[in-house]
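Hi everyone, thanks for making time for this.

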Amino acid sequence: MSQPSNEQIAHDLAVAYVADGWRAGEISERLSAQAYLQAYKRFLSDLNRLNR
């Protein structure tokens, strides 16, 4: 089985981040797409930096 791509890992982390925020009441449904995109970009940037 091949390793997941940085994009897939970033997606999974961003989804988990938003879900955790929903449960904690820190992210509203209205802002969830924006929170996802910000988290995805941050996680992807971090992963790409670590893999250099």
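At what angle do helix 1 and helix 2 pack, and how far apart are their axes? Before I answer, please keep in mind that this is a predicted model.

The angle is about 140°, and the axes of the two helices lie 8 Å apart. Angles over 145 degrees would count as roughly antiparallel, so at about 140° helix 1 and helix 2 are oblique to each other. As for handedness, the crossing of helix 1 past helix 2 is right-handed.

Who makes that contact? On the helix 1 side the residues include Asn6, Ile9, Ala10, Leu13, Tyr17 and Trp22. From helix 2, the partners include Ser32, Ala35, Tyr36, Phe43 and Leu47. Sorted by class, the contact between helix 1 and helix 2 has 15 nonpolar residues, four polar ones and two charged ones.

Let's step back to the whole chain for a moment. The protein chain has two helices and zero strands. Its C-alpha atoms fill a box of roughly 35 × 25 × 15 Å along the principal axes. Of the 52 residues in the chain, 23% are buried. And if you take contacts between residues at least 6 apart in sequence, 58% of them join residues at least 24 apart.

Now for the inside. Which residues form the largest nonpolar core? There are six: Ala10, Ala14, Ala39, Phe43, Leu44 and Leu47. Helix 1, spanning 6–24, and helix 2, spanning 32–50, each give two or more residues to this core. Helix 2 supplies the largest share, with four residues. As a general point, nonpolar side chains in soluble globular proteins tend to be buried together.

Setting aside neighbours within four places in sequence, Phe43 is in contact with Ala10, Leu13, Ala14 and Tyr17.

My last stop is Val18, which sits in helix 1. Is Val18 buried or exposed? Its relative accessibility is 7%, so Val18 counts as buried. Beyond residues up to four places away in sequence, Val18 touches Ile27, Ser32, Ala35 and Tyr36. There is also a C-alpha distance to note here: Val18 and Glu29 are 11 residues apart along the chain, and their C-alpha atoms are separated by 9.4 Å.

That's my tour, and I'm happy to turn the model around on screen for anyone who wants another look.

Definitions and conventions:
Residues numbered from 1 in each chain as written. Predicted model: local features only at pLDDT ≥ 70, side-chain atom pairs only at ≥ 80, totals over all residues. Heavy atoms only, no water. Core = buried A, V, L, I, M, F, W, Y, C linked by side-chain atoms within 4.5 Å. Buried < 20%, exposed > 50% of the residue type's maximum accessible area, 1.4 Å probe, protein only. Contact = heavy atoms within 4.5 Å. Axes fitted to C-alpha atoms, helices over the stretch in contact; angles between N-to-C directions. Parallel < 35°, antiparallel > 145°, perpendicular 65-115°, else oblique. Left-handed = near helix turned anticlockwise from the far one by under 90°. Nonpolar A, V, L, I, M, F, W, Y, C, P; charged D, E, K, R; others polar.
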